[in-house]
Amino acid sequence: MKTIRVEAMAKINLGLDVLRRREDGYHEVKMVMQTVNLGDTLILMRKEESGITIRVDHEELPADENNLIAKAARLLYEYCSIPEGVEISLTKRIPIAAGMAGGSTDAAATLVGMNRLFGLGLSDERLKELGVTIGADVPYCIQGGTMLSEGIGERLTALPDVPEAFLVIAKPEINVSTKYVYENLHADRLKSHPDIDGMVQAVRQKDLSGITEKMENVLETVTEKEYPVITRLKELMKAEGAMSSLMSGSGPTVFGIFSEKEKAETAWEKVKESGLAPQCFCTTFAPRAQTITEEKE
Ligand code: ATP
């Protein structure tokens, strides 16, 4: 039976602005998204008997229809009337409820992987249209790389790859609900907004300092106020030589960007020693959200 292995990468937000709350409750955002080399592994296997089976190696995650992988698989089954079954096994590495789109990238990887496994021939555009019904970040995670994301996250503009840099990513031992953070953000009362247009220009000019100077996330006004560990992590990374450090998405994950590998590795050690963040990684930017390999059983 044919097997597909997909590495599904996480994202960070280099910049995140919320423009307003719409009448329907959704928030209009303007963000610069960036894929990072930190990912989950999904193994998709074709089965003769029909049905969707999910295997998950993490006790915090549902292994039933509530898993975003199952939702994505179900969506394709209904859209394409696939006659055979599929078994999907997830090895989870991306921190959960962390502001790194872990669930969305798994859902996107399922759509992309099943498209390949069953030879469905769907375009990325069609996969994005299907994916947005699962979550606003799923369309971005179909492709990944560096992108400007607008609307509720579905209006995407691909940008050139950012210059090479080294990242320390730290997730403190608290789980933050994205819904809670957005509900407690008062977009109309924000005193300042990030210069997302300036950041896009810096990305186009391949100017790493220009990018890091403009790093700002308005959701810090909610999450950082509640959890001082975020401020401590940002300060620790800066003290260790980060060009800048920021909370990703709705948090609580913090990342620092370093121009030199050695500095990033020292900072990584210091963050681990500090005990502030049990999940801590040293990595780089990635140009795509998935890498796919086909394997034969
Ligand atoms: P975002 O950055 O898009 O807000 P997040 O990193 O804050 O995402 P996720 O890790 O995607 O949050 O998970 C949010 C919730 O979704 C979790 O509480 C989890 O139970 C549920 N969930 C369902 N399927 C998955 C999955 N495959 N991976 C992670 N979470 C999942």
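Predicted model: local features only at pLDDT ≥ 70, side-chain atom pairs only at ≥ 80, totals over all residues.
Me: Which residues does I96 touch, not counting residues up to four places away in sequence?
Reply: Residues up to four places away in sequence are left out here. What remains for I96 is a set of contacts with H58, E60, L61, K171 and N175.

Me: How many Å apart in space are I96 and R22, C-alpha to C-alpha?
Reply: In sequence, I96 and R22 are 74 residues apart. In space, C-alpha to C-alpha, I96 and R22 are apart by 27 Å.

Me: At what angle do the axes of helix 1 and helix 2 cross?
Reply: Helix 1 consists of residues 68-80, and its axis comes within 8 Å of the axis of helix 2. The crossing is right-handed. The angle is roughly 35°.

Me: Which residues in helix 2 meet helix 1, and how do the residues of the contact divide?
Reply: Helix 1 brings L68, I69, A72, A73, L76 and Y77. On the side of helix 2 these meet G103, S104, D106, A107, T110, L111, M114 and N115. The residues of this contact divide into nine nonpolar, four polar and one charged.

Me: Which residues in helix 3 meet helix 1?
Reply: Helix 3 spans residues 124-131, and its axis and that of helix 1 come within 11 Å and cross at roughly 115°. The crossing is right-handed. L75, L76 and Y79 in helix 1 meet, in helix 3, R126, L127 and L130.

Me: By class, how many residues of the contact of helix 1 with helix 3 are charged?
Reply: Five residues of this contact are nonpolar and none is polar. The number of charged residues is one.

Me: Is T41 buried or exposed?
Reply: T41 has its place in strand 2. Its relative accessibility is 4%, and the cut-off for a buried residue is under 20%. T41 therefore counts as buried.

Me: Which side chain is joined to that of T41 by a polar contact of 2.8 Å?
Reply: Leaving aside neighbours within four places in sequence, T41 is in contact with R5, V6, E7, S89, L90, T91 and R93. The polar contact of 2.8 Å joins the side chain of T41 to that of E7.

Me: What does the side chain of Q290 reach at 2.7 Å?
Reply: Q290 is found in strand 12, residues 290-296. With a relative accessible area of 6%, Q290 is buried. Residues that Q290 touches include V6, E7, A108 and C141. At 2.7 Å, its side chain reaches the backbone oxygen of C141.

Me: Why does E224 count as buried?
Reply: E224 lies in helix 8, residues 220-226. A residue is buried if its relative accessible area is under 20%. E224 counts as buried because its relative accessibility is 16%.

Me: With which side chain does the side chain of E224 make a polar contact?
Reply: Not counting residues up to four places away in sequence, E224 touches I230, T231 and K234. The polar contact, at 2.9 Å, is made with the side chain of T231.

Me: What do the buried residues of helix 6 pack against?
Reply: Helix 6 is made of residues 196-204, and its buried residues are I196, G198, M199, V200, A202 and V203. Just after helix 6, K206 takes a positive phi of about 55°. The buried residues of helix 6 pack against strand 1, strand 2, strand 5 and helix 7.

Me: Which residues of helix 10 make the contact with helix 9?
Reply: Helix 9, residues 228-239, and helix 10, residues 261-274, pack at about 145° with axes 9 Å apart. Their crossing is right-handed. Helix 9 contributes L233, L236 and M237, and helix 10 contributes K270, V271 and S274.

Me: How many residues of domain 2 are in contact with domain 1?
Reply: The domain assignment gives domain 1 as 2-158 + 286-296 and domain 2 as 166-284. Their centres, taken over C-alpha atoms, are separated by 23 Å. Domain 1 has 28 residues in contact with domain 2, and for domain 2 the number is 36.

Conventions
Residues numbered from 1 in each chain as written. Heavy atoms only, no water. Axes fitted to C-alpha atoms, helices over the stretch in contact; angles between N-to-C directions. Helix = DSSP H or I, 4+ residues; strand = E, 2+ residues; numbered from the N terminus. Left-handed = near helix turned anticlockwise from the far one by under 90°. Contact = heavy atoms within 4.5 Å. Buried < 20%, exposed > 50% of the residue type's maximum accessible area, 1.4 Å probe, protein only. Polar contact = N/O pair within 3.5 Å; in protein donor to acceptor, adjacent residues only side chain to side chain. Domains from an automatic or database assignment. Nonpolar A, V, L, I, M, F, W, Y, C, P; charged D, E, K, R; others polar.
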